[in-house]
Amino acid sequence: MEKALLRKSVIGQLRELTVSQHAQMSSAILEKLLEDPEFQKSETIGVTISRWPEVDTIPLVEACWQLGKKVAAPKCFATDRTMDFRLIRTLSQLEVVYMDLQEPIESQTQAIGPESIDLLIVPGVVFTESGYRIGFGGGYYDRYLSGFSGKTRSLAFEFQLAGELPIESHDIPVDGIITEQRIIDSKAVRA
C-alpha cells in the first residue's frame, strides 16, 4: 500500500479512539518509556508536543522535568522544511502555530544543536518493527535525522505497526518503538 493510503488509514483508526482509551494507552506507553535504560541515562530529551490523536507527550515532558531532565521541543521553519530544537522549562513557553501545533516561543527559549540531545522521540503515523516510519508528510524529521547521531525512540499505539512499508533512500529508522504492549528493539530487528 502506498504511503498516503497507509497514513490516511491509520489516522482514521487514531481518530476512532475514545478519550479514555487514548489516555490509558498513552499512560502505558509512558510507563514503558520511563523504564527504558536509554531514557533513564539521557539528560536531554527531544520531543514534539503532541496533538490529538497522537500519543500524548505532555505527561512525558512533565515527567522529564520531575526527573531533572532537560526538554527540547522543535521549532519548524516551513520555508525550507527544517527545524531546530529549543529548550523549554515550562509549558507556558509554547505557542500554538499552524495546524494547531505547539512550538517553543523563540524569544523565551534557547536553541540547542543535535549533539546536545541524548534521546530524540520521533513522531510518526505508521511504523514497522524494524524502525521505519511514515510521518505526517512534511519531511521535517527525515531532514533532521540525517544530521542526528544520538539515540531515537518512537511512541506508538500497537495498531500503528505495519508489516512493511515502502522505504525510500532518505528514510532513517528509529532505534526503538514503545507501544502500550511492548518495547521493540528496532536495531535488533534490522540486524
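**View A. Lining of the second largest pocket in the predicted model.** Ile11, Leu14, Arg15, Arg51, Trp52, Pro53, Glu54, Met99 and Phe136 line this pocket, an open set of points on a 1 Å grid over the protein atoms alone where a 1.4 Å probe fits, with protein on both sides within 12 Å along at least five of seven lines; lining residues have an atom within 4 Å of a point. The lining divides into 6 nonpolar, no polar and 3 charged residues (charged: Asp, Glu, Lys and Arg; nonpolar: Ala, Val, Leu, Ile, Met, Phe, Trp, Tyr, Cys and Pro; polar: the others, Gly among them).

**View B. The largest pocket.** About 600 Å³ of space is lined by 31 residues, with Phe136, Gly137, Gly138, Gly139 and Tyr140 nearest the centre. Helix 5 (140–145) gives the largest share, 3 residues. Helices (H or I, at least four residues) and strands (E, at least two) are DSSP runs. By class, the lining has 13 nonpolar, 8 polar and 10 charged residues.

**View C. Strand 1 (residues 44–47) and its partners.** Thr44 and Gly46 point one way, Ile45 and Val47 the other, and all are buried (under 20% relative accessible area, 1.4 Å probe, protein chains only).

Residues are numbered from 1 along each chain as its sequence is written, and side-chain values use heavy atoms, without hydrogens and water. In this predicted model, local features need pLDDT of at least 70 and side-chain atom pairs count only at pLDDT 80 or more, whereas totals for chains, interfaces and linings use all residues.

Terms used. Points joined across faces, edges and corners; volume = space filled by probe spheres on them. Buried < 20%, exposed > 50% of the residue type's maximum accessible area, 1.4 Å probe, protein only. Pairing = 2+ DSSP bridges.
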